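Please have the model open as you read.

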Amino acid sequence: MKKMMSMVMAATALSLAATGCAQAQKQTSGGSSELPKVYFIKEINSENLVKVYEALGRKAEGRVAVKLSTGEPGGHNFLQPALIAPLVKRVNGTIVECNTAYGGGRANTEAHLKAAADHGFTAVAKVDIMDADGEVSLPVKGGKHLKEDFVGKNYLNYDFTVVLSHFKGHAMGGFGGAIKNISIGIASSGGKAWIHSAGKSKDAGKVWGNLPPQDDFLESMTEAAKAIIDHCGDKILYINVANNLSVDCDCDSSPEDPRMGDIGILASLDPVALDRACTDLVRASKDHGKIHLIERIDSRHGMHTLDYAEQLGMGSQQYELVELK
């Protein structure tokens with residue numbers, strides 16, 4: 001071990017290899033790894049959330065947007081305000097969201113702000129529903145489904161984005177992590193419909209009964225995320241908290257209870273590496289309850305999101321996992 005950092009235990013690496021997911025790489029003695037680093041800390045608390053942010057070595061400056069899910073009313077698995085408050089305050093951030101496209105308790109700005117207040121987020125920082133006053137278009141470069149991504153108009157007001165994601169399952173995407181959070185999460189209400197329809201319609205009323213093939217949806221979600229990455233350049237970083245590992249998303253008003261234990265906090269400057277590390281650690285877990293989350297990911301072809309993201313040049317599924325103590 002060097003200083004406060006060490007590689008994840010050899011047993012975990014062997015377990016990853018046994019599942020065909022040996023993405024964690026060890027740095028050879030005297031050599032240097034060019035793989036993206038994913039920082040990992042097991043104990044989930046507010047102090048460690050700040051610690052993984054600092055480990056990234058990229059300071060959030062200027063007008064900072066902290067993108068997280070405020071959670072659908074009725075749900076309870078979203079990242080708790082007490083956990084995220086010190087980090088949000090550390091970066092002097094504004095919590096940002098956009099309205100939903102599926103109805104529910106966050107479909108309009110007034111209801112969404114009420115949900116954010118009821119869940120304790122407005123007590124932490126200002127909450128900006130970014131599409132309250134409309135949307136803007138960002139170009140999608142190299143996409144085969146989307147040529148533009150529609151995001152909340154207010155997103156252009158920010159200089160830096162901290163992507164603070166609750167890693168868990170998802171009914172449509174298989175899992176939700178950093179990529180989903182910057183694609184569907186930053187998309188306006190109409191932009192969400194645009195992604196879910198693979199670029200066919202921004203009218204939510206025309207989307208849900210006429211969904212595209214699954215891979216087209218996953219690829220569209222990935223393309224929308226690429227628009228955000230291209231827009232931000234190096235003014236973005238990614239943190240995933242892998243706790244309350246339900247098969248359902250925080251957008252679900254009645255999510256299934258988690259069947260497996262928490263994993264920890266992970267952070268990276270590469271969203272593909274980060275999401276891949278989270279799925280690898282789920283698969284490598286000794287917790288038998290993992291079978292439910294793995295089934296959700298695989299039954300939705302969720303890993304295709306990362307394959308396509310890598311193909312688009314958004315990041316790498318090979319990474320160096322660095323455990324913080």
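## Helices H8 and H10

H8 and H10 are roughly antiparallel to each other (a label for angles over 145 degrees), because their axes cross at roughly 150 degrees. H8 covers residues 271-284 and H10 covers residues 303-311, and their axes come within 10 Å. Axes here are lines fitted to C-alpha atoms, for helices over the stretch in contact, with angles from 0 to 180 degrees between N-to-C directions. Helices (H or I, at least four residues) and strands (E, at least two) are DSSP runs numbered from the N terminus.

The crossing is left-handed, meaning that the near helix is turned anticlockwise from the far one by less than a right angle; clockwise would be right-handed. H8 brings Val272, Asp275, Arg276, Thr279 and Arg283 to the contact, and H10 brings Met303, Leu306 and Ala309 (contact means heavy atoms within 4.5 Å). Sorted by class, these are four nonpolar, one polar and three charged residues. Ala, Val, Leu, Ile, Met, Phe, Trp, Tyr, Cys and Pro count as nonpolar, Asp, Glu, Lys and Arg as charged, and the others, Gly among them, as polar.

## About the model

This is a predicted model, in which local features need pLDDT of at least 70 and side-chain atom pairs count only at pLDDT 80 or more, while totals for chains, interfaces and linings use all residues. Residues are numbered from 1 along each chain as its sequence is written, and side-chain values use heavy atoms, leaving out hydrogens and water.

## Helices H2 and H3

H2 (residues 46-55) and H3 (residues 81-90) pack at about 40 degrees, with axes 7 Å apart. They are therefore oblique to each other, and their crossing is right-handed. On the H2 side, Ser46, Leu49, Val50, Tyr53 and Glu54 take part, meeting Ala82, Leu83, Ile84, Pro86, Leu87 and Arg90 of H3. That contact has eight nonpolar, one polar and two charged residues.

## The largest cavity

The structure holds one cavity of 30 Å³ or more. On a 1 Å grid over the protein atoms alone, a cavity is a set of points where a 1.4 Å probe fits but cannot get out, and lining residues have an atom within 4 Å of a point. Grid points are joined across faces, edges and corners, and a volume is the space filled by probe spheres set on the points.

Lining the largest cavity are Phe175, Gly177, Ile179, Lys180, Met221, Asp275 and Thr305: three nonpolar, two polar and two charged.

Conventions. Parallel < 35°, antiparallel > 145°, perpendicular 65-115°, else oblique. 1 Å grid on protein atoms, 1.4 Å probe; cavity = no way out; pocket = protein on both sides within 12 Å on 5 of 7 lines; lining within 4 Å.
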